[in-house]
Amino acid sequence: MTTQTVKTLDKQESDEILGIAYFDTICNALGWDKKVFLLKFNTYLFTGKVDFENEKPLFDMLIELSSLTLSLYKWSVLLVNLKASIFADMLFTLVIDGKHYYITEEQGALLLRDLKNDKVLYQIDTLAKSQSVAILLYLYNLEDIKIDMVELETYQEKFSGSYLSFNQELALEKKDYINFIDTEFQKYHTRLKDLQKIFLENFTQ
C-alpha cells in the first residue's frame, strides 16, 4: 500500500486535538503529577470510582470536552474539504515512534492499528465510559505524538472511520452521511465552545 503524507499538524494544534492541552492544564491547575492524573482518570474511566466526589464532574467534563474536540476536528476537515471540492482518499493518522497508526472499530471496540501491517498497538476495553478518551489517555502517556494527514492510492473500507476527505465518486455515494454530519456539526460545535469557555474560566488564569 502506497501512502503520501499531505500535512503534519504543528504541536499546538495536535495537542488540542489529542486532549493534551486540556490534560496538561488540569495537572498544572490542580498540582497533580502526570502519573497521578492518569491513574485517577483511568480509574474513573473504567470503574467510575473517584477519590473525592468533586473529581467526578471534572472528569465528566474532560470526557465530553476531549472526545468532542477529536471528533469535531475530523468532521470539520471532511466537511471543509468536500465543500471546497478537495477530493482525495485522505486519512487521520497518529505518528508513534515513526509509524503511522489509525483508529478503527471492530466488534464494538476501538483499536489503534498500524497503517502498514495492520498490527494492533492498543485495544480499548469496551467497558470504558468513553473509548475515544481511553485512547487519548493512552497517547498522553507516550512521548512526541504527531498527527499526519495521509493520502492513500485508493479508498479502503477498513479505514472508514478515519477519513478526512473522500474521492469524488465516494463523496457522492456517501452524500446522506455527509449531510447528516453537516446538520449535526453546528450543534456539537456550539456545545464544544460552551464547554471550552467553562474550562478556561475555571482552570486557566
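**Exercise 1.** Determine which residue forms a salt bridge with E201, and where the two residues lie.

*Solution.* E201 pairs with K197 in a salt bridge whose closest N and O atoms are 2.7 Å apart, a salt bridge being a side-chain nitrogen of Lys or Arg within 4 Å of a carboxyl oxygen of Asp or Glu. Both E201 and K197 belong to helix α7 (residues 175-203), where four residues, about one turn of the helix, separate them; helices here are DSSP runs of H or I with at least four residues, numbered from the N terminus. E201 and K197 are each exposed, in a scheme where buried means under 20% relative accessible area, exposed over 50%, and partly exposed in between (1.4 Å probe, protein chains only).

The model is a predicted one, in which local features need pLDDT of at least 70 and side-chain atom pairs count only at pLDDT 80 or more, while totals for chains, interfaces and linings use all residues. Residues are numbered from 1 along each chain as its sequence is written, and side-chain values use heavy atoms, with hydrogens and water left out.

**Exercise 2.** Find how far apart K56 and D60 lie in helix α4, and classify the accessibility of each.

*Solution.* K56 and D60 are four residues apart in helix α4, about one turn of the helix, and their closest N and O atoms are 3.1 Å apart in a salt bridge. K56, at 34% relative accessibility, counts as partly exposed, and D60, at 29%, counts as partly exposed.

**Exercise 3.** Describe how helices α2 and α5 pack, and name the residues that make the contact.

*Solution.* Helix α2 (residues 20-30) and helix α5 (residues 131-140) pack at an angle of about 70 degrees, their axes being 10 Å apart. The angle therefore makes α2 roughly perpendicular to α5, a term that covers 65 to 115 degrees. The contact, meaning heavy atoms within 4.5 Å, is made by I20, F23, D24 and C27 of α2 together with L136, L137 and Y140 of α5.

Technical notes. Axes are lines fitted to C-alpha atoms, for helices over the stretch in contact, and angles run from 0 to 180 degrees between N-to-C directions. Angles under 35 degrees count as roughly parallel, over 145 as roughly antiparallel, 65 to 115 as roughly perpendicular and the rest as oblique.
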